[in-house]
Amino acid sequence: MTVSTDDLIRIRCRSCGVKFNVHGRFAGRKGTCPNKQCAARFIVPTPPKRRSKTSARRPIGKERSPQTIASIQVPSQAAAKSQASKTPIPPSVRKRLARPKPARPKKRTWGWRGLLGFSSAVALTMAILLFRNFSGVSQPQTAAAASGDKDQPQQRSESPATEAAFQKDVRPFLEKYCFDCHADGVEEAGLAFDDDTTAEHIDKNRRQYEKALRMIVAEAMPPGDHYAQPTAKERERVLSWLDDRLFYVDCSLPPDPGRVTIQRLNRAEYDNTIRDLLGVDFHPAEDFPSDEVGYGFDNIGDVLSLPPLLFEKYVEAAEEVASRAIVADPFSQVDRRVAGRDLQLEGSAALRDRGYAWMASSGSVAAKVKIPMTSEYLVIVEGMGQQAGDEKAKLQLRIDGKSVHTFVTEKNMKTETFEYPVRLTEGQRKVEVAFINDYYNPKAKDRNQRDRNAGVRSITVKGPRDFQFDLLPESHQRVVFTRPGKDETPDRASEEILRKFLPRAFRRPVGDEEIERFQELVKLAIKRGDTFEQGIQLAVSAALVSPHFLFRVESDARPTDTPAIQNIEDYDLASRLSYFLWSSMPDKQLFELAKAGQLHKPDVLRTQVRRMLADPKSQAIVDNFAMQWLNLRMLDEMEPDPKLFPQFNEDLRKDMQTETRKFFETVMREDRNVFEFLDGDFTFVNERLAKLYGIGGVKGDQFRKVSLTGLPRRGVLTQGSILTLTSNPVRTSPVKRGKWVMENILGTPPPPAPPNVPELEETAAKAPDGASLREQLELHRKDPACASCHRVMDAIGFGFENFDAIGQWRDQDEGIDIDASADLKGSGPFNGPVELVKLLKNRNDDFRRSLAEKMLTYALGRGVEYYDRCAIDEITKQMKENGDRFSTLMTQVVLSDPFLKRRNQQVETTK
């Protein structure tokens, strides 16, 4: 049988160096080296990704010599480990290069669809509004935008990583230690190095080499069981060269602030903007599709797409919001009578003679009435009572199920009319009349005194009784503050309304031409017989589906000018500020500062940050930054085994989230040191959570602040929310807990696991009976491919092993005493969670930088790039010099070049 070479997997025995081929169908199976003197066991790897036959090959003369490879001495495994452990990693690399880059999100694909839910004429008009002048809206320039920054983008002065050093140190390193898995058509993990023969090739493939660099820093490449390991000097030289080549930036030169992809409002921002724009207590985004996440957050411009379904939801939401905010016909009078068969019968109610709905024992009749505006209305009821017993038949008036008044019938079997004024709110209301005092005594001597019943013939609602403008909803008054009258034409009234509304909706000045286009919609509505208010509803709906509302469109004051860097326009800066700190639109003060061209001034920005953090709307930082930074939204997906953890329920889940939210909010509101996120000696509990934590003296559902002095808990790391979301349903997971700390606290996520690494369960099957989880993990780390990453992850996770899978303290696990001690590489030994937290706090530069990077990512709506290093250096420097206060972090993010400036769209940065 002929076998294609594409079906073969090339393998080199790491024990004896013999090379041989295995068919791909044996991938994942165990095998034995064909060298009889070796006979080493191995697992056949998954077939690697191969380049097409037309791909460029390594230039002639650059092939590796098999004899050279064969002559390499194979160090013992112990020697390889010892050699790797002694490798000094340059501090600069440790600090800023060990952080794996999150997977770059896919670029947005556009999927516009026609507007739905409107008449065809209105849909056409709105479509024109959507696309006309979308890409270039002329705006008045403020002083900051007009002056601009004449600097060119950041220039990378000549890097110390030279071509000569590449040929001397880097290329030989790659050939010797990397080509087995990343050359000659073999591209494990998608990496191939054999075609990169010069330093310029490194620049062109920087993403590939950033990934390789992270693997080398983590000592995961070459793997620990590779037949050859680099010396300490070899590793240090390559790390330093790659550091300089990939990340060297001269901070003395003009900075490159980057460029943010146009951002669609995410669901939280949409709801908050609707709230602040119109004053409507309504959350239409709850019905929208979930937002995609990039770089850990759901406000990243690159991933916020606009699929057809979402646009349909936008159209529906726009109509609903406009109808809720604006009363369509505020001067209309309701005079609705519902009688006979049109009445809604409930309970024992049944239609009888003369059109009466008779209630023989209990029951009610109701009418559904649409109320155009909130005001006082008159409810009129025609009814009668059949009297018996010692009291009169009674009819209770209810509005939407709530009792508001009781009518007492005076006559016997004769129609009576009852009236009662009641305040009704706008919308569909249920007006109900119920018989409430049934009586039946069949033994009464007087036959007419044996049974008490009641009947209703009709329910009428009239009003509003006394129209007043201030009785209209606040949202209506905010938008429709004027209307046509003796001295006001419809055109003039609509212009006044739209001239005030549109700049707030679009978060920028609006020209006469744009206003006129929206006025046409008002004219169209009036022409077809609608009220003036319905015309404004239509214009508001159109504005709410405009790209200038749905997207944060930042204008280019000089899109094609030579200056490469621009201060962003003041109105755009106002939006950046408000969506960063409030997840909503700018308020009146920000708009006024933008109009005056004052917002770019550092002192003004500092004042605004303090003001905005003190505003209740800054709760959005807790809801949208903290919840995503700490992965608290994932807690909703966790399902601990109910048999093992019966105390875990939905109430406890919410309590855990509330504790962490209140803790973060306290650090923010009280402007505490951000390191209290790690070692804060207080928390918030209610009775349920206090019982889980073993804290006495707490009763009820209300949360209160408690001290953790004398307890083995500190900061967020020992809170139930974090401990639960980093556990498995039936047991704890030191690996998940350690990985979470590395990713979210230290900013040094481990690289992805190599292929064909066995799962912990597979390793555990080989462990002796009764082996603890710690012993199983130690066995797992004996695999050289696992050891480099698990050495740090597991150590951190062991420190939290006294907490079970829902965060409750324990001293034993399945009868085995828990050992919560370990030696954290680069930090020292510890025993238990409190000592571990102290060691993590000592790595203050790592935590400070990690938090700054995440906050800058959230503020900008894009991932942090290498050219942001200087800005992050300045943020962390100012934090350290100002007591690491939360407000310092937020202020310095706002004052940073990436936040205040943008790169010209014509300028490309080095990839």
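User: In this predicted model, where does Ser-583 lie, and is it buried or exposed?

Analyst: Ser-583 sits in the loop between α17 and α18 (588-596). With a relative accessible area of 2%, Ser-583 is buried, since residues under 20% are counted in that class.

User: What should I notice about the phi of Ser-583?

Analyst: Most residues other than glycine have a negative phi. Ser-583 has a positive phi of about 55 degrees, although it is not a glycine. Asp-400 is found in the loop between β10 (394-399) and β11 (402-408). Asp-400 is partly exposed, its relative accessible area being 42%.

User: Which peptide bond is cis, and where is its proline found?

Analyst: Most peptide bonds are trans. The bond joining Gly-463 and Pro-464 is cis, with omega at about 0 degrees. Pro-464 belongs to the loop between β15 (451-463) and α12 (474-479).

User: Where does the kink in α6 lie, and what span does the helix reach?

Analyst: A kink is read as a bend between the axes on either side of a residue. In α6 a kink of about 30 degrees lies at Val-170, shortly before the proline Pro-172. Helix α6 (residues 163-177) has 15 residues and spans 20 Å between its first and last C-alpha, close to the expected 21 Å. Val-170 is itself buried, as are Ala-165, Phe-166, Arg-171, Phe-173, Leu-174 and Tyr-177 of α6. The cover over these buried residues includes α7 (199-204), α8 (206-217) and α9 (232-247).

User: How is the packing of α20 and α30 described?

Analyst: One reads the angle and the separation of the axes, and then the residues in contact. Helix α20 (residues 619-629) and helix α30 (residues 844-860) pack at about 120 degrees, their axes being 11 Å apart. That angle makes α20 oblique to α30. The contact is formed by Ala-620, Asn-624, Phe-625 and Trp-629 of α20 with Phe-847, Leu-851, Lys-854, Met-855 and Tyr-858 of α30. The crossing of α20 past α30 is right-handed.

User: Which residues does Ala-859 contact, beyond its neighbours within four places in sequence?

Analyst: Ala-859 is found in helix α30 and is buried, with a relative accessible area of 5%. Leaving aside those neighbours, Ala-859 is in contact with Phe-580, Val-893 and Phe-899. The C-alpha atoms of Ala-859 and Asn-299 are separated by 8.9 Å, while the two residues are 560 apart along the chain.

User: What do the totals for the protein say about burial and contacts?

Analyst: Of the 911 residues, 53% count as buried. Among contacts between residues at least 6 apart in sequence, 72% join residues at least 24 apart. The protein has 33 helices and 24 strands.

Technical notes. Residues numbered from 1 in each chain as written. Predicted model: local features only at pLDDT ≥ 70, side-chain atom pairs only at ≥ 80, totals over all residues. Heavy atoms only, no water. Helix = DSSP H or I, 4+ residues; strand = E, 2+ residues; numbered from the N terminus. Expected span 1.5 Å × (residues − 1). Bend = angle between axes of the 7 residues up to and from the residue. Buried < 20%, exposed > 50% of the residue type's maximum accessible area, 1.4 Å probe, protein only. Contact = heavy atoms within 4.5 Å. Axes fitted to C-alpha atoms, helices over the stretch in contact; angles between N-to-C directions. Parallel < 35°, antiparallel > 145°, perpendicular 65-115°, else oblique. Left-handed = near helix turned anticlockwise from the far one by under 90°.
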